[in-house]
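Dear colleague,

Please find the structure below, handed over for your records. My findings follow it.

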Amino acid sequence: MNNGKSRVSVFENAYLTIESLFFGYFGFFLINSLSMAILDGRALAKAIRQELADQVSVLAAEQKRSPHLAAVLVGDDPASQAYVRNKVRSCEKVGFQSTLIRKPGTISQAELMAIVQQLNADDSIDGFIVQLPLPKHLDDTEITLAIDPAKDVDGFHPVNIGRMAQGLPCYIPATPLGIMEMLKRYNIDTQGKEVVVVGRSNIVGTPMSILLSRKGNPGNATVTMCHSRTQDLAAHVRRADIVVAAIGRPAFITADMIKPGAVVIDVGINRVDAPETDKGYKLIGDVDYKVIAPQARWITPVPGGVGQLTVVSLLMNTLRAYRKEVYP
Ligand code: GUN
């Protein structure tokens, strides 16, 4: 799946884009052009989708069925609908099977638990997710605990989180898995580096802090996790060789917090008003990109960075579930 070809081409693309931009038009920015490059999530996601589609072709040639992901969507929250639609469409793109189970927001806890049990028992489904957040009257912890860890391709079950903490085979949540894949394929060295993770969510900040401090590559970093109660957060971030910003606040990380030459991973996708655009809004990250980019060594744009990798990571987990790699 991780073939050297796609790794090189994605790396070169990002570099050439930056180089030609600055070389061609602003010769005097030469030094910056050699030191800063974009981590191109869009190109990387495309390369990984191609790898997944290639795997499906191999399976088809062997007369085997393709991997099958199911998604449970409760209620009509527009953001959740869009996310799930994207997951189903991504399955189609790579040739995976998908099943969408839609239920009204009035479903009872017992009915939803019964659906989870059915999916656990259905051998034709390799992995499934229950889209969160659930309506307030439902207990999402009980639902997450009911999912068979072997089918928990979201990697949210405590068994998978615990296995991750101990360096055992597990499903890694999609966004952290995408970031790890990005670091690996761009050959970004994390060993012995100072990493500062900003944000301690179960889905991103906490898993990232575990994964980067674990033995492995990427990994072996010295990790500091900052959150809303951290004193002098800026001083911590300023020390970082690698910053992972996952706090959900637009442009929260400012230029004065970034050490020149740092690697900046921006996980934020914040919608802010922009009356000058057709949509009336734009998406910006947790990092003040325009001013930070010139002083970073590597940086992820928003959009086009980490967010592009989340759904393909879910598909990677689904393929692992199909192959029973984690729970043989
Ligand atoms: N809601 C927001 N992100 C996610 C995700 O990755 N998985 C699920 N199940 N729900 C989400």
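Helices α4 (residues 78-94) and α12 (residues 307-322) have axes that come within 10 Å and cross at roughly 60 degrees; axes are lines fitted to C-alpha atoms, for helices over the stretch in contact, and angles run from 0 to 180 degrees between N-to-C directions. The two helices are therefore oblique to each other, given that angles under 35 degrees count as roughly parallel, over 145 as roughly antiparallel, 65 to 115 as roughly perpendicular and the rest as oblique. Helices (H or I, at least four residues) and strands (E, at least two) are DSSP runs, numbered from the N terminus.

This is a predicted model, in which local features need pLDDT of at least 70, side-chain atom pairs count only at pLDDT 80 or more, and totals for chains, interfaces and linings use all residues. Residues are numbered from 1 along each chain as its sequence is written.

On the α4 side, N86, K87, S90, C91 and V94 meet V311, V312, L314 and L315 of α12 (contact: C-beta atoms, placed from the backbone, within 7 Å).

An open sheet of 3 strands has the order β3-β2-β4, with parallel pairing (two strands pair if DSSP finds at least two bridges between them). Its edge strands, β3 (97-103) and β4 (127-130), each pair on one side only. Helix α5 (residues 109-121) packs on this sheet and touches β2, β3 and β4, its direction making about 180 degrees with that of β2. Strand β2 (residues 68-74) pairs with β4 over 4 bridges in the parallel sense, and V72 has V130 in β4 as its bridge partner.

Yours sincerely

Notes:
Two residues are in contact if their C-beta atoms, placed from the backbone, lie within 7 Å.
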